[in-house]
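Subject: Structure handover

Hello,

Here is the structure I said I would pass on. My notes on what was found in it follow below the view.

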Amino acid sequence: MATRVRWMALALLAGCALPAMAGGDAEAGKQKAQVCFACHGEDGNANTEQVPTPPRLAGQHADYLETALKQYASGERKNALMAGFAANLTPEDRADISAYFASQGGGLRVIDWVD
């Protein structure tokens, strides 16, 4: 009985660890994201001279970026340019590109509001 409980506990812990181990390959993502660089910048810090300014991707959470790409591909998010790019991405491509931009610095900032 004690052995069965130990195995069940081990299986539970392993199951909890799987989402943490999931994710893309940032190096592969850099190669796959070449087309993104024109608007979002090579490091994900958008070219601010463009109007409208594309969103900064650097430092954003990978799961958020991956979800956004999936939503552009499905049409849940509306943007003709992004829909065209996202429609051709596999789930692995989305994970890799998201991992790459998430690994970049300088994008997200905390704004300290002063009253």
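A helix here is a DSSP run of type H or I with at least four residues, and helices are numbered from the N terminus. Please keep in mind that the model is predicted.

Overall fold. The protein chain has 6 helices and 0 strands, so in DSSP terms the order from the N terminus is α-α-α-α-α-α. Of its 115 residues, 28% are buried. Contacts between residues at least 6 apart in sequence were also counted, and 64% of them join residues at least 24 apart.

Largest pocket. The largest pocket holds about 520 Å³ of space. Its lining consists of 25 residues, and those nearest the centre are His40, Pro55, Leu57, Tyr72 and Met82. By class, the lining has 18 nonpolar, 5 polar and 2 charged residues. At least two lining residues come from each of helix 3 (37-40), helix 4 (62-74), helix 5 (80-86) and helix 6 (91-102). Helix 4 contributes the most, with 5 residues.

Is Gln71 buried or exposed? Gln71 counts as buried because its relative accessibility is 17%, and the cut-off for buried is under 20%. Leaving aside residues up to four places away in sequence, Gln71 touches Glu76 and Arg77.

Regards

Definitions and conventions
Residues numbered from 1 in each chain as written. Predicted model: local features only at pLDDT ≥ 70, side-chain atom pairs only at ≥ 80, totals over all residues. Heavy atoms only, no water. 1 Å grid on protein atoms, 1.4 Å probe; cavity = no way out; pocket = protein on both sides within 12 Å on 5 of 7 lines; lining within 4 Å. Points joined across faces, edges and corners; volume = space filled by probe spheres on them. Nonpolar A, V, L, I, M, F, W, Y, C, P; charged D, E, K, R; others polar. Buried < 20%, exposed > 50% of the residue type's maximum accessible area, 1.4 Å probe, protein only. Contact = heavy atoms within 4.5 Å.
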